[in-house]
Amino acid sequence: MPNRAERRAQEKRNRRGIPQQYDQTRGRGRSGMIDEYALQQKSIRLQEGTDGEWKPTASFETPEMTADTDIALRNPKLVKAPHSVRQWFRVLSWALIVIAAIAFVVVMWLPTKPIWLVGGVAVVFAVGVLSLFFTAGDSKHNPNLDANGTAV
């Protein structure tokens, strides 16, 4: 049975560092721990097609416009003008929403707010939002969805 001085000395030694319940190394060195930052960087380098440790270079290359950097070149469907009635109604729906938002800001600053004006702005906004549901295209033609319908 250790005496009181030895127990106190042991408790004092145990109090150093991080508490035992938070110590993932359980008293060992940190050499066996996984470095999450290094794993993330390695994952990024593997996705870019380069492997190994990152080494700085002295070259200053300017990125050229390629299909990977320019959205319009990567997906030309994003910049085409509306060519069907449904797409024109979709543009009109977004225009109604923007006009209603601007009108709401204007109405908000009026000293006297007639209830019919606030109601009219709310109705125009609601019509714009509801019309988006009716003019929405098929999900299989949406470039932002994968095969399971999950947003990417």
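Here are a few friendly questions and answers on this predicted model.

Local features here need pLDDT of at least 70, side-chain atom pairs count only at pLDDT 80 or more, and totals for chains, interfaces and linings use all residues. Residues are numbered from 1 along each chain as its sequence is written, and side-chain values use heavy atoms, with hydrogens and water left out.

Q: Is Trp 109 buried or exposed?
A: Trp 109 sits in the loop between helix 4 (85-108) and helix 5 (115-135); helices are DSSP runs of H or I with at least four residues, numbered from the N terminus. Buried means under 20% relative accessible area, exposed over 50% and partly exposed in between, with a 1.4 Å probe and protein chains only. At 69% relative accessibility, Trp 109 therefore counts as exposed.

Q: How does Ala 103 count, and at what relative accessibility?
A: Ala 103 belongs to helix 4. Its C-alpha is 9.7 Å from that of Gly 120, 17 residues away in sequence. Because its relative accessibility is 25%, Ala 103 counts as partly exposed.

Q: What span does helix 2 reach from its first C-alpha to its last?
A: Helix 2 covers residues 36-48, 13 residues in total, and is followed by Gly 49, whose phi is positive, near 95°. The expected span is 1.5 Å times one less than the number of residues. Close to the 18 Å expected, helix 2 reaches 18 Å.

Technical notes
Helices (H or I, at least four residues) and strands (E, at least two) are DSSP runs, numbered from the N terminus.
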